[in-house]
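Good morning, and thank you for coming.

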2 protein chains.
Amino acid sequence: MPGGSDQTLRPFLWRASKLYPDREIVSRTHEGVERYTYDEYADRVAALASALDDAGIEEGDRVGTVCWNHHRHFEAYFAIPSVGAQLHTINPLLPEHHLQYIVENAQDRVLLVDPSLLEAIEAAYDPEAFESVEQFVVMGSSVPDTSLEPVVAYEEFVDGDAEFDEYDWPDVPESQPAGLCYTSGTTGDPKGVEYTQQMLWSHTMATLPQAGLDIGADDVVMPVVPMFHVNAWGMPFSSTAAGAKHVYPGPSPDPADLAQLIEEEGVTLTAGVPTVWLGLLEYLEENEVDLSSLEQIVIGGSAAPESVIRRFDEEYDVDVVHAWGMTETAPIGTVAHLKPKMDAWDAEDKYAKRAKQGLLVPGLEFKVVDDDGEEVPWNGEDFGELLIKGPWVTTEYFKRPEATEAEFDDEEYLRTGDVVTVDEDGYVHIVDRAKDVIKSGGEWISSLELENALMGNEHVAEATVIGVPHERWQERPVAFVVPAEDADEDDLADGLASMIEDEYPRWWAPDEFVFIDAVPKTATGKFDKKTLREEYADESLVEGQAPDDAAPEQD
Amino acid sequence: MPGGSDQTLRPFLWRASKLYPDREIVSRTHEGVERYTYDEYADRVAALASALDDAGIEEGDRVGTVCWNHHRHFEAYFAIPSVGAQLHTINPLLPEHHLQYIVENAQDRVLLVDPSLLEAIEAAYDPEAFESVEQFVVMGSSVPDTSLEPVVAYEEFVDGDAEFDEYDWPDVPESQPAGLCYTSGTTGDPKGVEYTQQMLWSHTMATLPQAGLDIGADDVVMPVVPMFHVNAWGMPFSSTAAGAKHVYPGPSPDPADLAQLIEEEGVTLTAGVPTVWLGLLEYLEENEVDLSSLEQIVIGGSAAPESVIRRFDEEYDVDVVHAWGMTETAPIGTVAHLKPKMDAWDAEDKYAKRAKQGLLVPGLEFKVVDDDGEEVPWNGEDFGELLIKGPWVTTEYFKRPEATEAEFDDEEYLRTGDVVTVDEDGYVHIVDRAKDVIKSGGEWISSLELENALMGNEHVAEATVIGVPHERWQERPVAFVVPAEDADEDDLADGLASMIEDEYPRWWAPDEFVFIDAVPKTATGKFDKKTLREEYADESLVEGQAPDDAAPEQD
């Protein structure tokens, strides 16, 4: 059988260390900013690989990390997969029972833990769940007081000279699982998604070109998105493949830290969730910062308000680029670049396009289907669930055949659980999560759009909308609203109802406005609609509460 | 086993036809310039796929093409691999016995032949060698007079409506051979290199980023390099993956044709061998052409004179970018982009770097070894043979286990047969072919450098240098020189000898200057050193003809 050699991560690092030996990796730590070069980095990766060997780690074993974004975590990114083991990045913000489930499910043999995150692991520690863990390694030069054992400091663990070129790297096949990340679902146990060497290689190659994140050797890349969130969107790998300079902002960076790193290190490309950039914009209003090096901010996780895109563009000449992805897609699936023909468009039309999640990157395929599995037209209006597949899209869940069964269709498309429209130009726009979309009278209502509309009202602090069972219409929307201080609830309910009726089909208007003190939240700070839904599950609304002419005809 | 879906070519076309349906494919033909969109192109690909089905082509079969660069050939590029068959691009410029060997070795079942290339196939036709060919298809609307049979016109062959979305594309595994190209070696039979779907996918992804050819949806790509030369360096695939506009310059384009296409179609990126661009420069001297759209000319096949790089840069603001590759590397291996730190360099130093073959693209690994298999230092001076491996580098020859044995080392590195230096910055520079390098006294002498030096003399029309067996030094260089008209041979020999001694180590100076009327050439126009070497094989030079102090000490 002909065919090239296996697609693995190590040659990316080999190339960077040989062609860009002096390019820097910069890391903000508690002790200040540390920096070294690819040349030194590669040797440190070999030292960690050697330490893992000494610890008895073998091909197929899993090594967990509970860490922020810093150079030691980055060392783990290449060392663990390159010895044939699996880099299991753990989100320390999960509830304790999820941490227990994850470590037990993964059977991590070694856990690398940041000093500032020891407490989270100590709190979650349970001898049974953590039985597989033979060694805790604290990411620093010394070990603080901790109940975890056996424990060793990272710098002691990796002690000893090693050279990247001298280390006897194993031939890892491309089918070897190299990464593992759990989705923090709001329902049931977290589901593990494994990334093979080939999947990480493919994702890396796909994110380098213009249609991806457009990363070159000139770039200085600062991933603000945590490295425990789907490998910081793959940037530690893609930046290395490109020979770019890396900047890791360390534990809990605030806007001042980010501004300083951008200015001092000449960051060209950075990425994170919208709240990070809202925070930076606020900071920039009060402080003089030189952002001239910055070219691109990639935003994912959730949609950025159009105003954020606009302000960075107009005031700072920085492109804010939306990207969409999920744990199962490793994660990047779409990126909101404009097309050649749009160069001539006026600014408002461009912003409207850039507010969407964007265009599929090369190498993937997708379709958008309704409840009957029929593809919906690309008209920017009809909704359906996004189904996707490709070389870096997972085809199963770790040790969870029943979840795999549920989440993939016959043609191996992943059911993303995202409800989207696709417009005439092929731009995907997320309108809701499949579990949140309200199915009423044979049509779908976007809970997300209603929430955004409600939260646009100055008298509303927070709002969420769920579908409540309904005898005739299947479901009807009910809004839960946290009023701003000094708002009159009766006036507000009337005002919101008429606002929705003005902007949306009449049958989108919530049947009830329930005023509450706070919207319940999940561990990751998202609205916890599950709790609300459980509360309202038995309170089926009766016919008559929805005006007859308010709901659409059934097909 | 986790892992994404297979890496195949079809999703690139699917994406382009959906996201860039109106982007054009432009094709220069004998009848003028034709154009259509990706949308129509995709349906034409389905029509060809359907025609191949009707012709009985099945997975694993080979379909040969004997064609220039045009839209119908491009249709074959996606249709043949996407039905699971193998696109076998045949170089019509090969000698007849090679064409016979290739068709018989490949067992092509269908041959797609350009009208202007029918003659070459008719001349090579041999019932035994062509026994596997069940159908000749002439690339046009009608069939000219031909002795080939059975024969049908392409437009008749693909007649019938087909839609890309409706066609029942098979699930082709990534390990399926999708392409086949023979190397036109000067010794022995041509060797076939197969490209699996995965290799072509990998090469496509690797050539899109900045470190590759940097192709985006904005680009207008014109491959001048023939589509029978290693898939036109993969550009038909990579341009599709990017959603770029394609421009195919058709049969035997002259400089005026190229200039017109660049100007009228807004070409941003083009690629070909150095002589094409020398021709264009000459044309530009005499004619007013608007080259403002053109950003990048990729040069491969052989090295471009530095003056070409300089003139395009200074006079036309066009980047000339060297790339290196070979049939076995699908083909792109290195690209001569400058590094970030070189921005500040002065122009001359930049030109010197850009005259080299460049930096390895991400995903590959290489090493440069001497006769003992030891790696040579990266100092820009020591030579060695370039060994390379990676996901799109072949690991065997088609039906040629003995050639496979000879061309790969233990670690599956391909022996490229190119002798190179690598400088401190990692830039690869080809100094000779391994079979041409002269091994004298334990050191290597570059025949290519000597030839270039000799041909730089105004009294030399052509020159080639070979190694001739020598009792003491193993080999010594002998130069074969075609003097310019009115040159005095004796004066010339003295002048050349002292010129070489001035510029190179004394032991590089040829022991003899032999004046000839013309350097023998191969079918592809390269110097045929094999013939010269055979002639001189028995005329071993005796000790004494090389001055004792002229050769280096043996180690």
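Predicted model: local features only at pLDDT ≥ 70, side-chain atom pairs only at ≥ 80, totals over all residues.

I begin with A:Asp214, which is partly exposed at a relative accessible area of 27%. By the cut-offs used here, buried means under 20% relative accessible area, exposed means over 50%, and partly exposed lies in between, with a 1.4 Å probe and protein chains only. A:Asp214 sits in the loop between helix H7 (197-207) and strand S10 (220-223) of chain A. Helices (H or I, at least four residues) and strands (E, at least two) are DSSP runs, numbered from the N terminus.

Residues are numbered from 1 along each chain as its sequence is written, chains are lettered from A and ligands numbered from 1 in the order in which they are written, and side-chain values use heavy atoms, with hydrogens and water left out.

Now to the backbone. Most residues other than glycine have a negative phi, and most peptide bonds are trans. A:Asp214 has a positive phi, near 60 degrees. A:Ala330 also has a positive phi, near 70 degrees, and lies in the loop between strand S14 (319-325) and strand S15 (332-335) of chain A. Is A:Ala330 buried or exposed? At 1% relative accessibility, A:Ala330 is buried.

Cis peptide bonds come next. In chain A, one joins A:Glu149 to A:Pro150, with omega about -5 degrees. In chain B, the bond from B:Glu149 to B:Pro150 is cis, with omega near -10 degrees. A:Pro150 belongs to the loop between strand S6 (135-138) and strand S7 (151-153) of chain A; B:Pro150 belongs to the loop between strand S6 (135-138) and strand S7 (151-153) of chain B.

Let us turn to two helices of chain A. Helix H9 (residues 235-242) contains A:Ser238, which is buried with a relative accessible area of 0%. Apart from neighbours within four places in sequence, A:Ser238 is in contact (heavy atoms within 4.5 Å) with A:Thr204, A:Thr207, A:Leu208 and A:Ile215.

Helix H11 (residues 274-286) has 13 residues, and its first and last C-alpha atoms are 19 Å apart, close to the expected 18 Å. The expected span is 1.5 Å times one less than the number of residues. Buried in H11(A) are A:Pro274, A:Trp277, A:Gly279, A:Leu280, A:Leu281 and A:Leu284. These buried residues pack against helix H10 (255-265), strand S12 (269-272), strand S13 (296-299) and helix H12 (306-316) of chain A.

Finally, the interface. How many residues does each chain bring to the contact? Chain A and chain B each contribute 58 residues. The buried area between them is about 4800 Å², of which carbon and sulfur atoms give 60%; buried area is the accessible area (1.4 Å probe) that two parts lose on being put together, summed over both. In chain B, the residues that lose the most area to chain A are B:Pro2, B:Trp14 and B:Leu19, together 13% of what that side buries. Thank you.
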